[in-house]
Amino acid sequence: DRSDRLKELGELSAFLAHEIRNPLAGIQGLVTLLQDEVQAQPKSQKKIQSILEAVEQLNQLVSTILNYTRPFQANLKNTSLSEFLHTFGVYLSKHPAWKSSIQLTIAVPTVPQIAPIDPLLLRSALLNLSINAIEAMPNGGQLTLSCREETADSCIEISVQDTGIGISLEQQKRLFSPFFTTKKTGTGLGLAEVLKVIQAHGGKIHVDSKEGQGTCFSLLLPKGHEI
């Protein structure tokens, strides 16, 4: 199952990290020595700096993969999701990725919805989904964050809905696969990380998307008790 695959990926990642980082450290050391020898040659210095930046990018990629394969430990505490979403909305509106062409709506019921969550982990997941939504609306649009009780499944549903370009059926099948991405930059671990966060909460994710009409990610979290 998925947990076994993740364990195997973790073991492979640890092995590759060791095998990649050792020669990288050697390259970095030799290039740094070379940098000292060509201090009076600006063109050579620039080339050497490019090599060092490439080495650092590879180191960061290895770290990203290792972090993905490590399981999350959620620090759960009963939280009012209405308050959480309103606070997140303020946080999102001040984030560098935010665009003034986006209209943000926070839709929450009058009755407090309580769920055991890890606020930092869930905020990270919502930020990932929200930035994806913003990028899917290059000409502006509507971003709606909402929560409601799903009595049939005894859970709370948090939704992130946009009016953007949508996701094709073929892409939807691979959305949560590690390293799959439709972006020109990035590792493709964003949605895989979101899935890990929700699974650490004992929850599930559903995706509803139509090309040209928008996308809705629904996070289903186990319901908590009144605070």
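**Terms and what backs them**

Author: Let's start here: Gly-202 comes after α6 and has a positive phi, near 75°. Keep in mind that this is a predicted model, where local features need pLDDT of at least 70, side-chain atom pairs count only at pLDDT 80 or more, and totals for chains, interfaces and linings use all residues. Numbering runs from 1 along each chain as its sequence is written, and side-chain values use heavy atoms, with hydrogens and water left out.

Reader: What makes something a helix or a strand in this chain, and how many are there of each?

Author: A helix is a DSSP run of H or I with at least four residues, a strand is a run of E with at least two, and both are numbered from the N terminus. By that rule the protein chain has six helices and seven strands. Their order from the N terminus is α-α-β-α-β-β-α-β-β-α-α-β-β.

Reader: Which residues of α6 are called buried?

Author: Buried means under 20% relative accessible area, exposed is over 50%, and partly exposed is in between (1.4 Å probe, protein chains only). In α6, Leu-191, Ala-192, Val-194, Leu-195, Lys-196, Val-197 and Ile-198 are buried. Across the protein chain, 39% of the 227 residues are buried.

Reader: How do you know which residues of α4 and α6 meet?

Author: A contact needs heavy atoms within 4.5 Å. On the α4 side that gives Leu-121, Leu-122, Ala-125, Asn-128, Leu-129 and Asn-132, and on the α6 side Gly-190, Leu-191, Val-194, Val-197 and Ile-198. These divide into eight nonpolar, three polar and no charged, with Ala, Val, Leu, Ile, Met, Phe, Trp, Tyr, Cys and Pro taken as nonpolar, Asp, Glu, Lys and Arg as charged, and the others, Gly among them, as polar.

Reader: What is the angle between the axes of α4 and α6?

Author: Roughly 145°, and the axes come within 9 Å. Axes are lines fitted to C-alpha atoms, for helices over the stretch in contact, and angles run from 0 to 180 degrees between N-to-C directions.

Reader: Why are β2 and β6 said to stand at the edges?

Author: The open sheet of five strands has the order β2-β4-β5-β7-β6, with mixed pairing. β2 and β6 each have a single partner strand, so one side of each has no neighbour in the sheet.

Reader: What makes β5 and β7 a pair?

Author: Two strands pair if DSSP finds at least two bridges between them. β5 (155-162) and β7 (214-222) have seven bridges, in the antiparallel sense, so they meet that definition. Ile-156 stands opposite Leu-221 in β7.
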